[in-house]
Amino acid sequence: MTPSAEKPIPPKRPEFERTATGPASFGDVERPLSFWERIWNNGAFRKTIILLFLIAAWEGYGRYMAAHGNVLSFPTFIATVEALYAGIISGVIPQRLFVTLQVLVIGYALGIFLAAVVTTIAVSTRIGTDFLSIMTAMFNPLPAIALLPVALLWFGLGTPSLVFVIVNSVLWAVALNAHTGFLAVSETLRMAGQTFGLRGLRYVLGILIPAAFPAILAGLKIGWAFAWRTLIAAELVFGVSSGRGGLGWFIFENRNMLDTASVFAGLITVMAVGLFVEGLIFRGIEKRTVRRWGMQRG
């Protein structure tokens, strides 16, 4: 072996000693939040700020329109609140709201029931899956209010026609989301349930429904929104046709009388019902289910 082929000897590094020191002090890792930081982290406070801003913009624009002699097109917020208060005290708005909610509950419940039946068939059989795929492709993009003329021919003027269009708006949205949720359940969860001996109804209630519940809940929320706006739009037509209805007829009636403040009062009632259902009912279900299970972030 030649000297050039020998491996180089690494240099010797000098040895030294270090004096051990105590543990480092980082101070307080957490610091207390200031008063404004605690308030700003409150979601209710931020939403209140947004609502106050919208109310101020509404009042300002209404006063601007009134100053230019255009009172009918856009009322002020104060005038709208006064009209809303008068409608509640007189009992007109509560009575119309009760009529609307009656029809909504019937149609929404029937739509959910039919969606459960269709989803069960679709999950169980191939022909059911094909049927759901075809029907949702045809009817889900179709506005339910477009079926109102057909409903009038089949059922005439009255609640059955309203229920028909509500069911169509709820059925396909709920069924499609529920079916998608069931298909998204992982094989690991399925095999885990079978390993623990779950069969039949216990397997469905203990494994499939909890795992698919975020998609099911999303379908219920979408179906509710479709049903609510479809019903209000349909009641406008029923108000013209037969002089009866709920909030939709209240809005149309006051529009004909050029009572714009009452029209906006009816619209606020529609939005208030939507906020109540979304903020209390569905939000309460989310807190007690998917958020508690760790399936959704807060």
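## Burial and overall fold

A residue is called buried if its relative accessible area is under 20%, exposed if over 50%, and partly exposed in between (1.4 Å probe, protein chains only). In this predicted model, buried residues make up 34% of the 298 residues in the protein chain.

The chain has 11 helices and zero strands, where helices are DSSP runs of H or I with at least four residues, strands are E runs of at least two, and numbering starts at the N terminus.

## Where α2 meets α3

Let's look at one helix pair. The axes of α2 (residues 43-67) and α3 (residues 77-90) come within 8 Å and cross at roughly 105°. The two helices are therefore roughly perpendicular to each other, a label that covers angles of 65 to 115 degrees. Ile55, Trp58, Glu59 and Arg63 of α2 make the contact with Phe77, Ile78 and Thr80 of α3; contact means heavy atoms within 4.5 Å.

## Aromatic rings

Rings of Phe, Tyr and Trp (its six-membered ring) pair if their centres lie within 6.5 Å; planes under 30 degrees apart are stacked, over 60 edge-to-face, and the rest tilted. The count comes to 13 aromatic pairs. For Tyr61 and Phe74, the ring centres are 5.0 Å apart and the planes stand at 85°, so this pair is edge-to-face. Tyr61 sits in helix α2 and Phe74 in the loop between α2 and α3, 13 residues apart.

Tyr61 is partly exposed at 40% relative accessible area, and Phe74 is also partly exposed, at 22%.

## Reading notes

Residues are numbered from 1 along each chain as its sequence is written, and side-chain values use heavy atoms, leaving out hydrogens and water. Local features need pLDDT of at least 70 and side-chain atom pairs count only at pLDDT 80 or more, while totals for chains, interfaces and linings use all residues.

Note on methods. Axes fitted to C-alpha atoms, helices over the stretch in contact; angles between N-to-C directions. Parallel < 35°, antiparallel > 145°, perpendicular 65-115°, else oblique.
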